[in-house]
Amino acid sequence: MIIDIVSRDISTPEEQSLAIDAVKNTILDIVLIVVIGSLCTALRAWLFASASERVVARLRKNLFSHLINQEIAFFDVTRTGELLSRLSEDTQVIKNAATTNLSEALRNVTTAIIGVAFMFTSSWKLTLLALVVVPVISVAVRMFGRYLRELSHATQAAAAVAASIAEESFGAIRTVRSFAQESYAISNYSEKVDETLKLGLRQAPHRHSPHCFTCL
């Protein structure tokens, strides 16, 4: 309506008043939509953040309770630094999955449903033809997601080993100094960090891929 009013010639005061009112109403509607959208976005972010914090807190409590009740032999073969890394870094990954990844997945699914519905209203024949390739794409996406998941697990495991080496070196710093093993500790830690770096570089090109890939 505003386009019709503004685009045509305005020759009378009544038409000018209608045009001004139409512009004001349109601006008010846009501002209202922006404000409502911002409030909904903030509410969504708060809800996801609150849920993720509760999930991480519960996960850390359950994980610590499970680890502390293990047999003594378990602690003899498992490094303390690796356990600490699992309690901190791995739970942080779960937190990201419960916020960013889940939010992005829900938004992508909603967008896909709306897009398919719009396509059907435009041309159902072309839509069915386009959907024929979906199974092939789904198989490829699943295989790619499995590869990313395995790569992510390997990266986390390498980071945990590096953290455990650093924790043991700092905890036994007197022994390291007594036997002049600083170079060995540095070399050992650097080797594990380089291994983590290689895995991270392999994962880097895919970090901006759709988040739902890692959930497959």
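On a 1 Å grid over the protein atoms alone, a pocket is an open set of points with protein on both sides within 12 Å along at least five of seven lines, where a 1.4 Å probe fits, and its lining residues have an atom within 4 Å of a point. By that definition, the second largest pocket here is lined by ten residues. This is a predicted model, in which local features need pLDDT of at least 70 and side-chain atom pairs count only at pLDDT 80 or more, while totals for chains, interfaces and linings use all residues. Residues are numbered from 1 along each chain as its sequence is written, and side-chain values use heavy atoms, with hydrogens and water left out.

**Overall make-up**
- The protein chain has eight helices and zero strands; helices (H or I, at least four residues) and strands (E, at least two) are DSSP runs, numbered from the N terminus.
- Along the sequence the pattern is α-α-α-α-α-α-α-α.
- Of the 216 residues in the protein chain, 20% are buried; buried means under 20% relative accessible area, exposed over 50%, and partly exposed in between (1.4 Å probe, protein chains only).
- The accessible surface is about 15,700 Å², with 66% of it belonging to carbon and sulfur atoms; areas come from the Shrake-Rupley method with a 1.4 Å probe, and for residues only the protein chains shown count as cover.
- Among contacts (heavy atoms within 4.5 Å) between residues at least 6 apart in sequence, 74% join residues at least 24 apart.

**Confidence**
- The average pLDDT, the predictor's confidence in each residue from 0 to 100, is 79 for the protein chain, and 88% of the residues score at least 70.
- Over residues 210–216 pLDDT stays under 50, and the model has 15 contacts beyond four places in sequence for them.

**The second largest pocket**
- Its volume is about 350 Å³, a volume being the space filled by probe spheres set on the points, with grid points joined across faces, edges and corners.
- Asn108, Ala112, Val134, Ile137 and Ser138 are the lining residues that lie nearest the centre of the second largest pocket.
- Helix H4 (80–122) and helix H6 (134–171) each supply at least two residues of the lining, and H4 gives the most, with five.
- The lining has eight nonpolar, two polar and no charged residues; Ala, Val, Leu, Ile, Met, Phe, Trp, Tyr, Cys and Pro count as nonpolar, Asp, Glu, Lys and Arg as charged, and the others, Gly among them, as polar.

**Individual residues**
- Ala180 sits in the loop between helix H7 (173–178) and helix H8 (182–203), and its phi is near 55°, a positive value in a residue other than glycine.
- Ala180 counts as exposed because its relative accessibility is 56%.
- Thr78, in the loop between helix H3 (72–77) and H4, is buried, with a relative accessible area of 15%.
- Thr78 and Ser164 are 86 residues apart along the chain, and their C-alpha atoms are separated by 9.4 Å.
- Ala51 belongs to helix H2 (residues 13–68) and is partly exposed, at a relative accessible area of 38%.
- The C-alpha atoms of Ala51 and Lys95 are separated by 9.0 Å, with the two residues 44 apart along the chain.
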